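Here is a short report on one structure.

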Amino acid sequence: MGTSDSLLTQAEAVLRANDVGGHYTRPSGRLYPHQWNWDSAFIAIGWAHLDWDRAVREVDALLSGQWTSGLLPHIRYNPQIHDYAPGPEWWPAVPARSAGEVTSGISQPLVLPTAVYVAGLLQPDREVRLAWWARVCDQLRDAVRYFADYRTAPGSPLIVLVHPWESGLDNSPRWDFAVRQGHRPSRPYRRVDTTIVAAAERPQPPDYDLYMYLVELIASHGYDMRAYLPVTPFAVYDALFNAIWYRAAVDAGRIAEALGRPAVVSPEALAGFRRAYRETLWNEQQHLFLDYDLKSGRQIPVATTAGLMAVYGGLVDAEQAGTMLGRYVARSRNCHLLPSTPPDQEGFEPARYHRGPVWVPTNWLVARGLEDLGLRADARALAEATVDLVRVHGCYEYFDAHTGKGAGDGQFSWTAALVIDLLRRPIA
Ligand code: 2M8
């Protein structure tokens, strides 16, 4: 068996081991036993190569947690499992469309419409593909529009992120400004994560104090952003979240178009969004997009991979993408690519979770974005570096930026799913 064959076999085994009853795929065995939003989107792409019907079930499961507003929750809890914290008791009275659904009360980067588009194209039978798209199209549209309808602030079409967990890059140094304010929840809370993996690889106590403070704040305002926006310390335009939302709107639009249905977001609104993204988030000095803190009315001066996601979003042209990437790589000397934070950025920690380590999903997003822009050599180099890291170290949750050593959970679903995609659908 060639090395790619054995890596494929290994990755497939990880997905199968994390498959919960053929309904959803947990991100990993003990650390994350429920269904996570953007994990399942990436995972569905992996399944689409192995067992297309299983990919459909992954998406169905995620969509069954959708709220009346269209929000797709960041966690869809499995009510049989109680060893993850915070549990659903922290998210009371969630307005899910289906009775009996137990979810969190915030969302995550909206990769799902793009995953449904990509997985759909992996179905060779056009009728089967269109029938699937027809079945999920309205729910995807609602998930996209939820952010435009409920999660913007006056004067800008950009989406407001209300919790570090929504960013997917939880303890990114970008959020240190809010952690430093010292907010704490009114009730005690427990942590399970540090009993499973080393505390040195996880967010710190002050990070969790902020997370739980915001959970209480959001839940106590009935999950209505406009009600808590004046009092929350955390309201940001996240460069990653907004780029992914834009791409989701475009891909949900492609699905609608294939079905002969009306646009999901109008071309004028998409153009206005592109303009706002560039005007608000571009930083000429860093040659990167930065996040924006609505409370201070300023950009957050912290460079991370989030600033490269405009490449995936299709919000920059090839020339700008090439320059952004070149700069980021040049600042990341002595690191495996791409460190989530470049080593010259204050707050960089090579082995601590989202503060420096290399993550397969963010690499995948940038590589696919480069591919779409025609920067094939860059895309291929990044894809190969990513696959090699997994080949050498295993399907870890993430990888030490300096040594490449795997960290977090060692049987990680999105790592497996996206390596399968990169091997089975190599960069064009
Ligand atoms: C991590 O986040 C969860 C909270 O959502 C956690 O730390 O418990 C993040 O890496 C997030 O991006 C990811 O979706 C989740 C599951 O893999 O784990």
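## Ligand site

A polar contact is a pair of N or O atoms within 3.5 Å. The model is predicted.

Two side chains also supply atoms. Gln108 places a polar side-chain atom 2.9 Å from a ligand oxygen atom. In His354, an N or O atom of the side chain is 2.9 Å from an oxygen atom of the ligand.

Which residues come nearest to the ligand? There are 17 residues around the ligand, and Asp39, Tyr84, Gly168, Asp170 and Tyr353 come nearest.

## Helices α3 and α4

Helix α3 covers residues 52-63, and helix α4 covers residues 112-121. Their axes come within 11 Å and cross at roughly 160 degrees. Angles over 145 degrees count as roughly antiparallel. The two helices, α3 and α4, are therefore roughly antiparallel to each other. The crossing of α3 past α4 is left-handed.

From α3, the contact uses Trp52, Val59, Leu62 and Leu63. From α4, it uses Leu112, Val116 and Ala119. By class, this contact between α3 and α4 has seven nonpolar residues, no polar ones and no charged ones.

## Helices α16 and α17

Helix α16 (residues 376-393) packs against helix α17 (residues 413-424) at an angle of about 130 degrees. Their axes are 10 Å apart. Are α16 and α17 parallel or oblique to each other? The angle makes α16 and α17 oblique to each other. Their crossing is left-handed.

On the α16 side, Ala383, Val387 and Val390 make the contact. On the α17 side, the residues are Thr415, Val419, Leu422 and Leu423. The contact of α16 with α17 divides into six nonpolar residues, one polar and no charged.

## Backbone details

Most residues other than glycine have a negative phi, and most peptide bonds are trans.

Ala85 and Pro86 are joined by a cis peptide bond, with omega about 0 degrees. Pro86 sits in the loop between β4 (75-76) and α4. The peptide bond from Leu337 to Leu338 is also cis, and its omega is near -15 degrees. Leu338 belongs to the loop between α14 (318-331) and α15 (360-372).

His287 is not a glycine, yet its phi is positive, at about 55 degrees. His287 is found in the loop between β6 (282-283) and β7 (288-289).

Notes: Residues numbered from 1 in each chain as written. Predicted model: local features only at pLDDT ≥ 70, side-chain atom pairs only at ≥ 80, totals over all residues. Heavy atoms only, no water. Axes fitted to C-alpha atoms, helices over the stretch in contact; angles between N-to-C directions. Helix = DSSP H or I, 4+ residues; strand = E, 2+ residues; numbered from the N terminus. Parallel < 35°, antiparallel > 145°, perpendicular 65-115°, else oblique. Left-handed = near helix turned anticlockwise from the far one by under 90°. Contact = heavy atoms within 4.5 Å. Nonpolar A, V, L, I, M, F, W, Y, C, P; charged D, E, K, R; others polar. Near = heavy atom within 4 Å. Polar contact = N/O pair within 3.5 Å; in protein donor to acceptor, adjacent residues only side chain to side chain.
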